[in-house]
Amino acid sequence: GQERLRSWQQGVLRDRPVPELARALRRGTADQIQASTAQDVFVLGLLLYEAFSGTLLLESWEEEADAQSILEAEEGEIPVSFRRIKDPIARYIISNCLRKDTGSRFAVADIVNNLKQMRLNKPLVRLQHGVIE
């Protein structure tokens, strides 16, 4: 029974590694957690980290036990290495998506507005007869 529960919890955290879910699993109150936009924003932050860095954030933590303890901790922030992400707007978006406090995470509109800003900051490259202008 206990081993099966632990296996299920690890599977949930692997599939949806969100701090509030990790804490609820630890407390035994996961059945009281409802899906929310804040959870989706956190997962989007993980996806954006992977897209911009080429690596999984969870893989940068030493072991699965580290990932679980990081997510379960009430205090502190998610440790993120931005070494591979050069774009400051991408860093800003990701760091604001990956906040432990759900009220501090970006809203979807914040993400969209910052992604638009990111696009506007990029030089426009146009191909004219096979030559970049």
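Predicted model: local features only at pLDDT ≥ 70, side-chain atom pairs only at ≥ 80, totals over all residues.
Biologist: To start, what makes up the chain, in helices and strands?
Modeller: There are seven helices and two strands. Along the sequence they run α-α-α-α-α-α-α-β-β.

Biologist: Why is helix 2 called mostly covered?
Modeller: Buried means under 20% relative accessible area, and seven of the nine residues in helix 2 are buried. Those are Pro19, Glu20, Leu21, Ala22, Arg23, Ala24 and Leu25. Over the whole chain of 133 residues, buried ones make up 35%.

Biologist: And what comes just after helix 2?
Modeller: That's Gly28, which takes a positive phi of about 80 degrees.

Biologist: What makes a group of residues a nonpolar core?
Modeller: Its members have to be buried, come from a set such as Leu, Ile and Phe, and be joined through side-chain atoms within 4.5 Å. The largest one here has 27 residues, and Phe42, Leu57, Ile78, Ile93 and Ile94 have the most contacts inside it. Helices 2, 3, 5, 6 and 7 each supply at least two of its residues.

Biologist: Which residues does Phe42 touch, leaving out those up to four places away in sequence?
Modeller: A contact needs heavy atoms within 4.5 Å, and on that basis Phe42 touches Pro17, Val18, Pro19, Leu71, Ile78, Cys97, Leu98, Arg99 and Arg105.

Note on methods. Residues numbered from 1 in each chain as written. Heavy atoms only, no water. Buried < 20%, exposed > 50% of the residue type's maximum accessible area, 1.4 Å probe, protein only. Helix = DSSP H or I, 4+ residues; strand = E, 2+ residues; numbered from the N terminus.
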